[in-house]
Amino acid sequence: MAEAARPGAGPAWAHAMYDQLRAQGVTQIAYVPDAGHRVMIDRSLTDPDVHSIPLTTEEEGVALLAGADLGGARGVLLMQSSGVGNCINMLSLTAGARFPLLMLVSMRGDFGEGNPWQFPMGRATQAVLEAMGVVVLRADAAQDVMPTIQAACTMVWGSGEAVAVLLGQRLLGAKAF
Amino acid sequence: MAQLKRIAGVNQPDAVLDRREAVPALIERPQDWLVAAGLAGTAQELCAMTDDGPNVFGLGGAMGAAPMMALGLALAQPSRRVLGITGDGELLMNIGALGTIALVAPANLKIVCVDNGHYGETGNQDSHTGLGVQLDRIAAGFGFPVVHVINTLAEIDEGRRILAAPGLAFILLRVKEGPALRKKRSLRPHVVRDRFRAALLGM
């Protein structure tokens, strides 16, 4: 497995998460960029065995990973919580066809948020995902990340569920305004 | 009610092709492809052309999914030819997907848009393309290396040649409004997923 592009850059849990997902066989990493996913995105861009796929909107990634599953590949979809709202109808593809789906969602409008624009979608994120049949797990401390990701991988590729892991602002740190 | 006006300054020939002839003429051997087909006309006709074959995942909802499903499939199966085929309405709903696909550009992927200029399933309202929006120019602007427009039967030959050659390409097949080929197909997406994977992966 490729080493970190810049060793020591970014939190250790983020590098561990990347390594764990690669060990699970993830080869398609799709994202709308967010600072909370910087390590995952940077690692994917330097990993010769991974397709790193920037999206114009998050729902593209839901459909992409359904296609990946049809072809026998595993992927992960990275987004900010505001992007969850863009996925709602596309999640009917996931639910109807019972596609496995792993989403990693960096939270805004959460612990310590200083931008009032982020609150409406931040508050709605978990409810919206659950309304569309997605199991929601959450990590708010560095020591929670690895067990939560491991649980999510088992639920997604063992049981065929759609799972979103919310990475809280207590973990990521709130952006300064 | 106010009339929608055509976009000024766009000159396109009137569509003359019947999709029931043009689509099978372009996609000669649909069984050779792994196919993601958009709702509703293209899913109906690709399922009809393959007798609801296991190599076709035809949408009945989730409008806008087909091109990106085809991208994920193409990356997962680099040794197979993958076809994302969809209508103008479905493509317009997630038009940015063409930019994402052009950026990744797998050599085994082709995108075909069967453009009838209308929302055929919902009362035949004009779509943006029926009023002058040109999807071929959008695909070219997003960076598709090969873009081909088919207005006439004579232009289908070049489309077939592009489909047979390696490399990402976008084909705009302009057809008259009117029904697609149709045959009974499964509308249970989990059944379609499972049989697609069973036929391709044996699982």
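**Chain B: overall form**

Among the contacts in chain B between residues at least 6 apart in sequence, 69% join residues at least 24 apart; a contact here means that the C-beta atoms of two residues, placed from the backbone, lie within 7 Å. This is a predicted model, in which local features need pLDDT of at least 70, side-chain atom pairs count only at pLDDT 80 or more, and totals for chains, interfaces and linings use all residues. Residues are numbered from 1 along each chain as its sequence is written, while chains are lettered from A and ligands numbered from 1 in the order in which they are written.

- Chain B contains eight helices and eight strands, where helices (H or I, at least four residues) and strands (E, at least two) are DSSP runs numbered from the N terminus.
- With a radius of gyration of 16 Å, close to the 17 Å that the globule rule gives for 203 residues, chain B is as compact as a globular protein of that length; the radius is taken over C-alpha atoms, and the rule is 2.2 Å times the number of residues to the power 0.38.
- Along the principal axes, the C-alpha atoms of chain B fill a box of roughly 55 × 35 × 30 Å.
- Of its 203 residues, 49% count as buried (20 or more other C-beta atoms within 10 Å of the residue's own; exposed at 12 or fewer, partly exposed in between; C-beta atoms are placed from the backbone).

**Chain B: the sheet**

- An open sheet of six strands in chain B has the order β2-β1-β3-β4-β8-β7, with parallel pairing; two strands pair if DSSP finds at least two bridges between them.
- The edges are held by β2 (56-58) and β7 (147-150) of chain B, each with a single partner strand, so one side of each is left without a neighbour in the sheet.
- Within this sheet, neighbouring strands are turned by 15° against each other on average, direction ignored.
- Six bridges in the parallel sense pair β4 (residues 109-115) with β8 (residues 169-174) of chain B, and B:Cys113 has B:Leu172 in β8(B) as its bridge partner.

**Chain A: strands and a helix residue**

- Strand β3 (residues 74-80) of chain A has six of its seven residues buried, so it is largely enclosed by the rest of the structure.
- Strand β1 (residues 26-31) of chain A runs parallel to β3(A) and is joined to it by five bridges; the bridge partner of A:Val26 in β3(A) is A:Arg74.
- β3(A) also pairs in the parallel sense with β4 (residues 101-106) of chain A over four bridges, and there A:Leu78 stands opposite A:Leu104.
- A:Ile41 lies in helix α2 (residues 38-45) of chain A and is partly exposed, with 17 other C-beta atoms within 10 Å.
- Not counting residues up to four places away in sequence, A:Ile41 touches A:Tyr31 and A:Pro33.

**Interface of chains A and B**

- In chain A, 27 residues are in contact with 29 residues of chain B.
- The elements giving two or more residues to this side of chain A are β2 (51-54), α3 (58-70) and α5 (91-97) of chain A, and the largest share, nine residues, comes from α3(A).

**Confidence**

- Chain A has a mean pLDDT of 94, and 95% of its residues reach 70 or more; pLDDT is the predictor's confidence in each residue, from 0 to 100.
- Over residues 1-5 of chain A, pLDDT stays under 50.
- Where pLDDT is low, predicted coordinates should not be read in detail.

Methods. Axes are lines fitted to C-alpha atoms, for helices over the stretch in contact, and angles run from 0 to 180 degrees between N-to-C directions.
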